[in-house]
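Please keep the sequence and the model side by side while reading. The paragraphs below are meant to be followed residue by residue.

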Amino acid sequence: MKEQLFKIIYFFAEKGKHSGVKRVSLRAKLFPIYRFVCKILYRCFGYLYLYHVEIPVTQRCNLRCKHCVFMMPYFEKPVDFSIDKTIQYMKCLLDCIDAVQILRILGGEPFLYRDLGAVVEEAINSTKVRTVEIVTNGTIIPPSEMLELLKNPKLKIQISDYGKLSRNRDQIKALCDKHGINCVIRGSDEKNWFDAGNLHFRGRNSKDLKKQFKRCGEICRNLHDGKLYFCPRAAFGTKLGIPDVESDYVDFTKEKERKQLRNEIYNLNQRRFILACNYCNEGTDEYVPIPVAEQLEGKKANHEENSTTR
């Protein structure tokens, strides 16, 4: 029964990735079903399942996208996350859950992270992870020493196609095809961008926030610097001004019993809204399509490809 439920969730979630502007509304419709299935699995079978978890390994990026969902250009001193702590927190999360459908490794630009191989290896070796994804902007060719590791059938490289900005897109795809590495290119026709707005406080009441949250339907959790947040906006936004409310994330940096952490992860997955919703337009009529990867002007990117910021 559990396997059938997983297949249903995975099928519809994958359909949502390739449905253009309808993706947002489809995700919102599926979110209550996903949350209900997770509730049944946990309450009836003691099985803690997450569909999608993202792990950022660096704040550094060689593009400066104006409407970056992770707000990378707005970090004045972008850093790499500690490899030891990144793996430690990932192990803590995986120890607490029973399965995660997709574990996505990203940045910033993940191929700028010199310890990327160690994170990828840890992820693909976990029996609880079904699929590992690396999301890249198509500018940096994977290093030769990683090619053997990237051949693993559990792994997929996803190139976000930003046109001329993704200057090495075709070379990366050709390299992956040559070495038998699973690689897909997601173009702007299937990867629409939307404007979540700036980080000002919206002043919405709880009724409006619940309505917004329902329309948002975010199914992607974000393990950011040792804390599991409900969404990327909440994770990165707390570094840029959104109040850091402890009840809105699961903190793996503190000593807690496994049972307590499992309950906190489950409860996070069942939330009706979080504080970060009041600093975001997603799920509202103001969440509108925008040009893909529009670049900020006036400053250079946070760093160059050969930067070694730690």
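This is a predicted model: local features need pLDDT of at least 70, side-chain atom pairs count only at pLDDT 80 or more; totals for chains, interfaces and linings use all residues.

Residues are numbered from 1 along each chain as its sequence is written, and side-chain values use heavy atoms, with hydrogens and water left out.

E4 has strand E3 as a parallel partner over five bridges, two strands being paired if DSSP finds at least two bridges between them. Within this pairing, isoleucine 134 stands opposite isoleucine 157 in E4. E4 is also joined to strand E5 (residues 183-186) by four bridges, and these two strands run parallel; here isoleucine 159 has isoleucine 185 of E5 as its bridge partner. Together with helix H6 (residues 169-179), E4 and E5 make a right-handed β-α-β unit, the hand being right if, with the strands pointing away from the viewer, the path from the first strand over the helix to the second runs clockwise.

Side chains of opposite charge can pair when their charged atoms come close. The structure holds 15 salt bridges, each defined as a side-chain nitrogen of Lys or Arg within 4 Å of a carboxyl oxygen of Asp or Glu. In one of them, glutamate 54 and arginine 104 meet at 3.6 Å, N to O, and this pair links strand E1 (residues 49-56), which holds glutamate 54, to strand E2 (residues 99-106), which holds arginine 104, across 50 residues. Both glutamate 54 and arginine 104 are buried.

Arginine 104 also forms a salt bridge with glutamate 133, their closest N and O atoms being 2.6 Å apart. Because glutamate 133 lies in strand E3 (residues 129-136) and arginine 104 in strand E2, the pair ties together parts that are 29 residues apart in sequence. Glutamate 133 is buried, as is arginine 104, and salt bridges that share partners join Glu54, Arg104 and Glu133 into one network.

Another salt bridge brings together the side chains of aspartate 95 and arginine 258 (3.6 Å, N to O); aspartate 95 belongs to helix H3 (residues 83-96) and arginine 258 to helix H9 (residues 258-269), 163 residues apart. Aspartate 95 counts as partly exposed because its relative accessibility is 42%, and arginine 258, with a relative accessible area of 37%, is likewise partly exposed.

How values were computed: Buried means under 20% relative accessible area, exposed over 50%, partly exposed in between (1.4 Å probe, protein chains only).
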